[in-house]
Amino acid sequence: MTQDKASDSEKNISSTNDPRYNPCMKKRKALTWYVTAVMCYCSLAHAAYQDDIGYTQLATELGAATPDGSGVAVTQVEAETGDGEFSPNKPGASTLSGKVFVAGSTGSTDYSPHAFGVASLFYGNFDSIAPGITNIKYFSAEGWAQGDFLRAGEVVVPDYTTHDSRVANHSWIGFLEDPDTEVYDRPLTLEAVQRLDWVIATDDYIHVAGVNNGSSSYPLNMEAFNTITVGNLSGTTSTVTSALLEGGGNPYVEGRIIPLLVATNSATSNATPVISAAAALLVETADANPAFSLNRSHANASRANQTIYDGATSEAIKAILMAGASRIAINQQTDDTYTLATVSATTPDPNGLDYRFGAGVLNIYNSYHILASGEVDSDEDDGGGSGSIDATYGWDYDESFGDLGDNSTATYRFSLAETLMFMSTLTWNADIDIDQLATVSPTPDSAATLYDLDLALYDVTGGSNTLVSESASSTQNTETIWTTLLGGRDYELRVTTTSSNFEWDYAVAWRTEALVVPEPGSLAMLILAGIGGTMRRGDRRY
């Protein structure tokens with residue numbers, strides 16, 4: 001299909017009455033799914049990308065103890081090709097040797113080259129940083145959004161992962177349309193996005209989603225609150241959410257920053273599975289090391305009866321990945337030095353992210369060490385009342401925050417002997433009332449609640465209380481600080497809230513690093529390998 005056809009489809013995006021309901025049958029009629037895919041075929045990145053994201057450094061340090069995703073089941077969701085293929089399982093491919101695939105959707109059993117390329121970077125034996133992943137469930141995007149998993153347009157809650165998947169990859173984007181009029185269906189698309197947010201918050205089932213390689217925004221899955229959204233270093237991907245979900249007072253407003261992280265791969269279809277693989281490494285690490293999490297004796301359990309330690313919660317994984325991200329990166333896939341200098345100082349948002357690059361470039365070395373440093377309670381949650389942290393690496397997960405919880409302020413105290421860069425990210429999930437969605441007459445505009453949490457850093461040396469830096473967005477569910485801190489001073493990192501009548505959970509992660517003055521170098525701009533276009537059955541997008 002042509003770009004003109006995609007443009008025509010975009011012209012049809014408008015608010016409509018939702019025609020799904022049949023009161024006589026007292027059940028909802030599902031609509032046809034249309035997908036807009038980031039269909040660059042994933043040429044496998046040179047292994048040097050592993051240097052860019054800190055993996056080589058981690059593997060050199062840990063040797064045989066380096067996590068590889070072993071024991072972590074995953075899901076891959078793919079847009080169908082024009083011939084209906086969505087399977088990643090290329091027959092005879094040695095990079096998939098030893099992998100066990102389970103189809104979550106019906107349809108063609110032939111493999112998709114795009115899906116295979118994503119799989120190679122997500123869990124392939126040669127190109128992935130998580131080759132130990134062996135159990136994979138895969139869905140078509142159409143099936144996953146509707147009856148096979150999210151069940152958008154139905155009166156039941158989303159499925160739980162009988163496959164025990166902990167991380168899902170989405171190298172595609174899309175929205176829902178009325179099959180008769182081909183007009184964008186805002187209520188159903190909003191419902192699907194909220195169902196995804198509910199699954200992540202309820203089951204701690206981590207979903208990593210790529211944003212569009214171009215500037216247009218497509219709400220599913222890139223405009224969900226609770227996903228980990230991924231861009232690349234081109235700086236030309238979608239940057240903020242659109243107005244396509246806005247209305248009725250819901251929190252899915254225009255202008256929220258996407259992406260949250262980037263990787264050095266050339267297109268978001270390639271970058272997304274790299275970050276999915278990193279999430280799997282952290283989940284494996286948290287599962288294998290219960291002592292890293294304070295919540296050892298009463299770990300969270302998903303609907304699939306999985307034990308979820310604090311370090312493997314969706315909030316903790318997101319915070320740890322974002323706090324670990326590099327603001328200055330060397331792109332070793334080219335001959336040039338890539339300097340991602342002062343990210344949040346270039347085009348900052350109230351939540352401390354850069355519109356193009358989010359928190360920065362994935363650095364699994366930093367993120368692993370943040371997790372492995374072990375969970376530390378805040379001053380308010382610590383029975384000893386010290387709240388003292390090691391600023392080098394650290395994190396916390398608070399399962400009962402708010403005026404109806406254990407505390408509505410959380411304080412983390414530390415001192416620095418020398419001047420360092422300090423980075424910290426606070427994350428929490430949007431709260432979705434699934435009862436307002438899984439019903440004959442859904443009300444998605446009132447189903448989501450976004451609590452307002454803020455992150456601030458104070459200099460408290462000698463009894464002072466001087467604000468050094470803060471991140472205080474009222475429309476987003478992450479807050480990020482990174483700033484230079486002087487040595488010989490005492491500091492407090494504080495989590496606060498302006499919301500009331502709630503009890504919710506959050507995760508916060510932090511680290512410090514030596515000040516780095518980047519050497520002059522040319523900006524290595526990675527070339528986009530594809531653009532988005534509306535895909536329907538019978539159409540193919542390359």
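A: Happy to; below we chat through the fold, the cores, a pocket, some charged pairs and a few backbone details.

A: This is a predicted model, in which local features need pLDDT of at least 70, side-chain atom pairs count only at pLDDT 80 or more, and totals for chains, interfaces and linings use all residues. Residues are numbered from 1 along each chain as its sequence is written, and side-chain values use heavy atoms, with hydrogens and water left out.

Q: Great. How many helices and strands does the protein have?

A: The secondary structure comes to 11 helices and 24 strands. Helices (H or I, at least four residues) and strands (E, at least two) are DSSP runs, numbered from the N terminus.

Q: And how much of the protein is buried?

A: Buried residues make up 61% of the 542 residues. Buried means under 20% relative accessible area, exposed over 50%, and partly exposed in between, with a 1.4 Å probe and protein chains only.

Q: What share of the contacts join residues at least 24 apart?

A: Among contacts between residues at least 6 apart in sequence, 79% join residues at least 24 apart. Contact here means heavy atoms within 4.5 Å.

Q: Now the inside. Which residues touch the most other members in the largest nonpolar core?

A: Of its 66 residues, those are Trp144, Tyr412, Phe414, Leu453, Leu493, Val495 and Tyr506. The largest share of this core, eight residues, comes from helix 6 (residues 186-203). Apart from it lies another core, of 63 residues, including Ile53, Ala93, Met322 and Ile370. A nonpolar core is a set of buried Ala, Val, Leu, Ile, Met, Phe, Trp, Tyr and Cys residues joined through side-chain atoms within 4.5 Å.

Q: What does Tyr506 touch?

A: Leaving out residues up to four places away in sequence, Tyr506 touches a list that includes Glu315, Asp396, Asp398, Tyr412, Trp428, Leu453 and Val495.

Q: Changing topic: what is the volume of the second largest pocket?

A: About 230 Å³. Of the 16 residues that line this pocket, the closest to its centre are Ala201, Thr202, Tyr397, Trp504 and Asp505. Helix 6 gives the most to the lining, with three residues. A pocket is found on a 1 Å grid over the protein atoms alone, as an open set of points where a 1.4 Å probe fits, with protein on both sides within 12 Å along at least five of seven lines; lining residues have an atom within 4 Å of a point. Grid points are joined across faces, edges and corners, and the volume is the space filled by probe spheres set on the points.

Q: Nice. How many salt bridges does the structure hold?

A: The structure holds 11, each a side-chain nitrogen of Lys or Arg within 4 Å of a carboxyl oxygen of Asp or Glu. In one of them, Arg166 pairs with Asp287, with the closest N and O atoms 2.9 Å apart. That pair links distant parts of the chain, 121 residues apart: Arg166 is in strand 7 (residues 165-170) and Asp287 in helix 8 (residues 268-288).

Q: Are those two buried or exposed?

A: Arg166 is buried, at a relative accessible area of 8%, while Asp287 is partly exposed, at 27%.

Q: How far apart are Arg195 and Glu191 along helix 6?

A: Arg195 and Glu191 are four residues apart in helix 6, so about one helical turn separates them. Their salt bridge has its closest N and O atoms 2.7 Å apart, and both residues are buried.

Q: What about Glu223, which has no salt bridge? Where is it?

A: Glu223 sits in the loop between helix 7 (219-222) and strand 10 (228-232). Glu223 is buried, and the nearest side chain of opposite charge, Arg256, is 4.9 Å away. For charge, Lys and Arg count as positive and Asp and Glu as negative, with His and the chain ends not counted.

Q: Last one: where are the cis peptide bonds?

A: One joins Leu220 and Asn221, with omega about 15°, and Asn221 lies in helix 7. Another joins Ile258 and Pro259, with omega about 5°.
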